[in-house]
Amino acid sequence: MTDDVRGTCEPRFAAVRAAFAASLARHDVGASVAVRLDGEPVADLWGGHADADRSLRWERDTLTAVNSTTKNMTALCALVLADRGLLDLAAPVAAYWPEFAAAGKEGVLVRHVLSHSAGLPSLPGTASVEDLYDWDRVTARLAALPPAWEPGTAAGYHALTFGFLIGEIVRRVTGRTLGAFFAEEVAGPLGADFHIGLPARHDHRVAPLVPPPALTDEYAATAPPGADGVPREAAGAGPVVRVKDVNSVPWRRAQIPAVNGFGNARSVALLHSVLANGGTADGVRLLSARGCEPAWQELFRGEDRVLGTPMCWTAGFGRFGDTFGWGGWGGSLVVSDPGSRLTVAYVMNRMIDRDRQEDDRGMELVTAAFGALY
């Protein structure tokens, strides 16, 4: 296969280009990778195809669903509000959303929600994906639920509920949906081509997700099992999300801020680099330097009851050594290091099922980028 990599890359980061070309040749249908250093782009690459039939090229402005990589953007909205003095991460959620105090949740703090330690990892009563499209119904159910554990004492990945919880807090504080606040106050000022609730005018740019090899678009997101092979507590309660759902028009239009963002590596890296670069990117200041710090300050460390693995959670992000970030079902990811002010993002359409095949695509790009610094 010939090298299909397009875009720009500073010579210092040539290893990123090489790793990306290898991934396109071996695994990807279409993809993009972006690296930013000191808030400025040093690699912006894309290649491959936007469709499973490989008839349409992946273009510079191609978008695709990034699934849980969206959580980084939802958390960023909360940090922007906190930096403006409009949201206190140490305050009870009920201070902004009074109904939320029901069923023993008066002690749940905003930081518990951001760190997946609020005790609300599941959505009982939402049997179908279509149920997720009714914002008021979902948030009312969450407000009425008792926590599955004492908030702050344990963590369990809030795969879908994270976005509804943070999103409703944002709505109560600002009067706007999370998607609207993100578009107007975060993506807009930066010129970031990322969307939570995708307007129809962008549909022609969307590369549908491609199921993992040998699987169909019935392939579904499932909770990872623990060491005993049994899914972790509360992870199975809620709708089953399939590739065909994520590729549907109703999913694009909805507000599911934990999982239904659309973007590419350029936009993901731009947004995340703000946190790694003292609050600015491309000359635009979004937060103060201090306002960025909750992104990497540890709030919980221990076994995650849903993921079944040791985790360190910050205010909206996973922390891994000196880096922070998160990835999405199928392979997309973003990682930042505030020490070196480096951010690496990878977005693709071909998914890989980690139960069947190791997926090292994103981490190979991260390793190549960090290697260029030393």
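Residues are numbered from 1 along each chain as its sequence is written, and side-chain values use heavy atoms, with hydrogens and water left out. Because the model is predicted, local features need pLDDT of at least 70 and side-chain atom pairs count only at pLDDT 80 or more, whereas totals for chains, interfaces and linings use all residues.

Helices and strands are DSSP runs numbered from the N terminus (helices are H or I with at least four residues, strands E with at least two). Helix H2 covers residues 70-83 and holds 14 residues. From its first C-alpha to its last it reaches 20 Å, close to the 20 Å expected at 1.5 Å a residue; the expected span is 1.5 Å times one less than the number of residues. Of the 14 residues of H2, 12 are buried, where buried means under 20% relative accessible area, exposed over 50%, and partly exposed in between (1.4 Å probe, protein chains only). Among the buried residues of H2 are Lys71, Asn72, Met73, Leu76, Cys77 and Leu81. Just after H2, Gly85 takes a positive phi of about 80°.

A nonpolar core is a set of buried Ala, Val, Leu, Ile, Met, Phe, Trp, Tyr and Cys residues joined through side-chain atoms within 4.5 Å. The largest such core has 80 residues, and those with the most contacts inside it are Leu114, Phe182, Val186, Trp251, Leu271, Leu275 and Leu287. Elements that give two or more residues to this core include H2, helix H5 (161-174), helix H6 (178-190), helix H9 (265-276) and strand S14 (342-348). H2 gives the most, with 8 residues. A second, separate core of 27 residues includes Ala19, Phe20, Met348 and Leu365. In soluble globular proteins, nonpolar side chains tend to be buried together.

The surroundings of Trp251 can be followed residue by residue. Contact means heavy atoms within 4.5 Å. Leaving aside residues up to four places away in sequence, Trp251 touches Val129, Leu132, Tyr133, Val241, Asp245, Val246, Ile256, Val259, Asn260 and Phe262. Ile256 lies in the loop between helix H8 (249-253) and strand S6 (261-263) and counts as buried at 0% relative accessibility. Beyond its neighbours within four places in sequence, Ile256 is in contact with Leu132, Tyr133, Leu160, Phe164 and Trp251. Ile256 and Trp329 are 73 residues apart in sequence and 15 Å apart in space, C-alpha to C-alpha. Arg252 lies in helix H8 and, at 10% relative accessibility, counts as buried. Among the residues that Arg252 touches, not counting those up to four places away in sequence, are Gly197, Leu198, Asp203, Asn260 and Phe262.

Charged pairs come next. A salt bridge is a side-chain nitrogen of Lys or Arg within 4 Å of a carboxyl oxygen of Asp or Glu, and a search of the whole structure finds 22 of them. One of these joins the side chains of Arg57 and Asp4 (3.7 Å, N to O). Arg57 lies in the loop between strand S3 (40-48) and strand S4 (64-65) and Asp4 in the segment before strand S1 (6-9), so the pair ties together parts that are 53 residues apart in sequence. Arg57 is partly exposed, with a relative accessible area of 45%, while Asp4 is buried at 17%. Arg137 forms a salt bridge with Asp131, with the closest N and O atoms 3.5 Å apart; here Arg137 is partly exposed at 37% and Asp131 is buried at 16%. In the salt bridge of Arg356 with Asp353 (3.5 Å, N to O), Arg356 is exposed at 58% and Asp353 is buried at 10%. Arg84, Arg176, Glu184 and Glu185 are linked in a network of salt bridges.

Two strands pair if DSSP finds at least two bridges between them. Strand S9 (residues 300-303) and strand S10 (residues 310-313) run antiparallel and are joined by 4 bridges, and Gly302 has Met311 in S10 as its bridge partner. S9 and S10 form a hairpin with 6 residues between them, and Gly308 in the turn has a positive phi of about 70°.

The cysteines complete the description. A disulfide is a pair of cysteine sulfur atoms within 2.5 Å, and by this rule the count comes to 0. For Cys77, the nearest cysteine sulfur is that of Cys292, 14 Å away; Cys77 is buried at 0% relative accessibility. The sulfur of Cys312 is 18 Å from the closest cysteine sulfur, in Cys292, and is therefore too far for a bond. Cys312 also counts as buried, at 4% relative accessibility.
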